[in-house]
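Subject: Structure handover

Hello,

The structure is below, with notes on what was found in it. Please read the notes alongside the coordinates.

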Amino acid sequence: MKEVAIVGVGVHPWGKFPGKTFPDLAQVAIRKALEDAGLRWTDIQLIAGGEAPYVGTTGMQAGSTISERMGFHGIPVVNIWNACATGGFTLATARAFIASGYCDIALCVGSFIAPGGFFGAQ
């Protein structure tokens, strides 16, 4: 099996940013990760995007929404929603695509803006 490594990371500062959308937050993190890895946006061959269902349809297609914001360049996107395990599953999904030989460079991205107030009981 092919070896897989994380070559760059980026994060938007933590906090409340009422004037920003989840793609705004993701874009900051992606640019930092690309810079850290010494890559360009067009080097990315697959996006594994963690979904944010609380912001509507665009959140349920978080990877696609973020890809559009960064500038489409014809690569596949996997949108992942796995509750509290979304981040880990997003990373595992990208790793599986790379290890299988499907691509060499994948971007894992998650961005989330929680709704105001308490989460409802389930």
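Thr86, Thr90, Thr93, Ala94, Ile98 and Ala99 are the buried residues of helix 4. Buried means under 20% relative accessible area, exposed means over 50%, and partly exposed is in between (1.4 Å probe, protein chains only). Helices (H or I, at least four residues) and strands (E, at least two) are DSSP runs, numbered from the N terminus.

This is a predicted model: local features need pLDDT of at least 70, side-chain atom pairs count only at pLDDT 80 or more, and totals for chains, interfaces and linings use all residues. Residues are numbered from 1 along each chain as its sequence is written, and side-chain values use heavy atoms, with hydrogens and water left out.

The cover over the buried residues of helix 4 includes strand 1 (46–50), strand 2 (77–80) and strand 3; contact here means heavy atoms within 4.5 Å. The 14 residues of helix 4 should span 20 Å at 1.5 Å a residue, and its end C-alpha atoms are 20 Å apart, which agrees. The expected span is 1.5 Å times one less than the number of residues in the helix.

**Helix 3**

In helix 3, the buried residues are Ala62, Gly63, Thr65, Ile66, Ser67 and Met70. Gly71 comes just after this helix and takes a positive phi of about 115 degrees.

**Salt bridges**

A salt bridge is counted when a side-chain nitrogen of Lys or Arg is within 4 Å of a carboxyl oxygen of Asp or Glu. By this rule there are 3 salt bridges.

- Lys2 and Asp104 pair through their side chains at 2.4 Å, N to O. Lys2 lies in the segment before helix 1 (22–37) and Asp104 in the loop between helix 4 (86–99) and strand 3 (106–110), so the pair ties together parts that are 102 residues apart in sequence. Lys2 is partly exposed at 34% relative accessibility, while Asp104 is exposed at 51%.
- Arg69 and Asp24 form a salt bridge, also given as N to O, at 2.4 Å. This pair links distant parts of the chain, with Arg69 in helix 3 (residues 62–70) and Asp24 in helix 1, 45 residues apart. Arg69 is partly exposed at 35% relative accessibility, and Asp24 is partly exposed at 22%.
- Arg40 and Asp43 meet at 3.2 Å, N to O. Arg40 is exposed, with a relative accessible area of 54%.

Regards
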